[in-house]
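Subject: Handover of a structure and notes on its packing

Dear colleague,

Please find below the structure that I am handing over to you.

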Amino acid sequence: MTSLGRVRTTGRPTLEQVAAEAGVSRGTVSRVVNGSLEVSTTTLRAVQDAIDKLGYVPNHAARSLVTRRTDTVLLVVSESEARVFDEPFFAGVVRGLGQELAKTNLQLNLMMASGARQRDRVEQLVGNGHVDGAVLISLHGDDPLPRKLVEVGAPVALNGRPLSSEVAVPFVDADNLAGAKSATEYLYQSGRRRIATLAGPQDMAAGIDRLAGYRTALKSRRGVTRVVAQGDFGQASGEQAMRDVLERDSEVDAVFAASDLMAAGAMRVLREAGKRVPEDVAVIGFDDSDVARNTEPAMTSVAQPVQRMGTELAKLLITQLEEPGRSLDPVILPTELVCRGSA
């Protein structure tokens, strides 16, 4: 006669078992697993220790059926792939987003949306519930994408002041006008009187506001020659804009550029033209990126807290996911002029 030994079955650890181990309620464990911020640090640590001890693995498939959440958010950048990976601004925003989302169960997917087909794809992904929400960066003009995403009930956060007030969407931005104004005033107070600006794209709030700051600073100044040329925030456009300025006023003695990359392009053209920076022409950029610290001479620039922008964008999105319907104010972050050798 064969004796059959007892087979010991070990079921998958449950929320109830984790709760008992941690000495908290099942609901508290659920909040921790779902990435809620409404849990104390002590409780969070106790639950996490219990999860680690028991080897609990959340059943995301089952939870998604109940919560209708995918734990995925979409970062939509309305620029070309080359632009996104060439410009340091985008990397800083992504770092801030990633660090804040790492505190939750939310994962971040990146998608470019510089064309109509790509924007349609974003609408489909969000409208069909494949992501929980979206962060939109670098919108141009009166882009209908924010409105369409809001209409399907998706949480949305914008980087940059929206040009349209048709739909109220929470956003994060730097105080671009004040930053540009302080840079231009610094040039004037330094004795410069032929002050040009290399403006950013005028279908974006940052470009519009930085040009407005330049104009505000010089509005009541007499004896000042003003020259405006336009670019797209990229270095090549800064080079071309600087050439345009020199063609119109070869005696220009100061330049405020709407980005560090444009300012770096301007400095290159000025060297080619035999102009010394800052002796002949003072140059100020905007961003205070690594670009500013690596020019020769090092660039004076308006610092904006790019990484914090990403952090605040993540917070806006998380709040909408956890508190649907809550009214959120825009977040405007301060700027600061960082003086170096170029001005």
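Predicted model: local features only at pLDDT ≥ 70, side-chain atom pairs only at ≥ 80, totals over all residues.

Residues are numbered from 1 along each chain as its sequence is written, and side-chain values use heavy atoms, with hydrogens and water left out.

Helices (H or I, at least four residues) and strands (E, at least two) are DSSP runs, numbered from the N terminus. Axes are lines fitted to C-alpha atoms, for helices over the stretch in contact, and angles run from 0 to 180 degrees between N-to-C directions. Contact means heavy atoms within 4.5 Å.

Helix pairs

Helix H6 (residues 88-101) and helix H14 (residues 306-322) pack with their axes 6 Å apart, at an angle of about 45°. The two helices are therefore oblique to each other; angles under 35 degrees count as roughly parallel, over 145 as roughly antiparallel, 65 to 115 as roughly perpendicular and the rest as oblique. By class, the contact of H6 with H14 has nine nonpolar, six polar and three charged residues. Here Ala, Val, Leu, Ile, Met, Phe, Trp, Tyr, Cys and Pro count as nonpolar, Asp, Glu, Lys and Arg as charged, and the others, Gly among them, as polar.

Glu100 lies in H6 and is buried, with a relative accessible area of 8%. Buried means under 20% relative accessible area, exposed over 50% and partly exposed in between, with a 1.4 Å probe and protein chains only. Not counting residues up to four places away in sequence, Glu100 touches Thr311, Ala314, Lys315 and Ile318.

For helix H9 (residues 176-189) and helix H10 (residues 205-218), the axes come within 7 Å and cross at roughly 40°. That makes H9 oblique to H10.

Nonpolar cores

A nonpolar core is a set of buried Ala, Val, Leu, Ile, Met, Phe, Trp, Tyr and Cys residues joined through side-chain atoms within 4.5 Å. The largest has 29 residues, of which Leu198, Met242, Val245, Val255, Leu270 and Val283 touch the most other members. Helix H12 (260-272) is one of the elements that each supply at least two residues of this core, and H12 gives the most, with eight residues. Another core, of 27 residues, lies apart from it and includes Val93, Leu101, Ile137 and Ala314.

Yours sincerely
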